[in-house]
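Dear colleague,

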Amino acid sequence: MCTNVAITHQIIIPDLIYPDPRIVRNYPVAWQGNLILKNKHAAVQMHHISGNIALAHESLPYAETFHTDSSLKILQRIRFKSNEYKEFHKKLQIDDDHCVMLALPCGTTYPELFKQCDKLKNGFLHYFFQKGAGGIIHAAPPGSMLPTHMIHVFPICELTCANMAKTAPELLKVHAETVNVVVIIVKM
């Protein structure tokens, strides 16, 4: 199901907003804030799926509470067929060297959730599929200007499906059938 779609990149972006809460409750929210791509933004909650959660705490901007703004701005692309992508894939073989999260749209009301779902779908997923790429964010620890982590943002693709099948097979259907992106953090 997921693999064939990912290989061809001929994907129909789903309309299902949020997965069954019984499935995602086993994956704690590690971060909440806005993803930004060019002039588009979407509010998301990132659920920790696998790998070293400390990398998320070291690299993601944290606000005082979930109600204040934290943002991650995508400034670069990583093409699915590039050498950089192939090298990145190798880094995912060791659990302590990466952190995988499923980013789902979020909102405080159903109308807001629908709005954020639409923003993620139309502002991010369509762009990524059109470019055949994912996004990259260089993250520096608080108080530093020197990036120490790379945050990768991917739509459904061969890499995300393979990782999900290996580490959280019960989420593979969620990944394939809902509006989401997969966020993978690695040290630089």
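**Notes on the sheet**

In this predicted model, Ile-78 has Gly-134 of S6 as its bridge partner. The strands concerned, S4 and S6, run antiparallel and are joined by four bridges. On the subject of burial, strand S6, which spans residues 133-139, is mostly covered, with six of its seven residues buried. S6 is also joined to S7 by five bridges, again in the antiparallel sense, and within this pairing His-138 has Met-150 of S7 as its bridge partner.

Turning to the whole arrangement, eight strands make up an open sheet whose order is S3-S1-S2-S5-S8-S7-S6-S4, and the pairing in it is mixed. Strand S3 (71-74) and strand S4 (76-79) stand at the edges, and because each has a single partner strand, one side of each is left without a neighbour in the sheet. From one strand to the next, the twist averages 35 degrees.

Elsewhere in the sheet, strand S1 (residues 29-37) pairs with strand S2 (residues 40-51) in the antiparallel sense, over eight bridges, and Gln-32 stands opposite Gln-45 in S2. Helix H6, covering residues 158-167, packs on the sheet, where it touches S2 as well as strand S5 (98-105), strand S7 (149-154) and strand S8 (181-187). The direction of H6 makes about 40 degrees with that of S2.

With best regards

How values were computed. Residues are numbered from 1 along each chain as its sequence is written. This is a predicted model: local features need pLDDT of at least 70, side-chain atom pairs count only at pLDDT 80 or more; totals for chains, interfaces and linings use all residues. Side-chain values use heavy atoms; hydrogens and water are left out. Two strands pair if DSSP finds at least two bridges between them. Helices (H or I, at least four residues) and strands (E, at least two) are DSSP runs, numbered from the N terminus. Axes are lines fitted to C-alpha atoms, for helices over the stretch in contact, and angles run from 0 to 180 degrees between N-to-C directions. Contact means heavy atoms within 4.5 Å. Buried means under 20% relative accessible area, exposed over 50%, partly exposed in between (1.4 Å probe, protein chains only).
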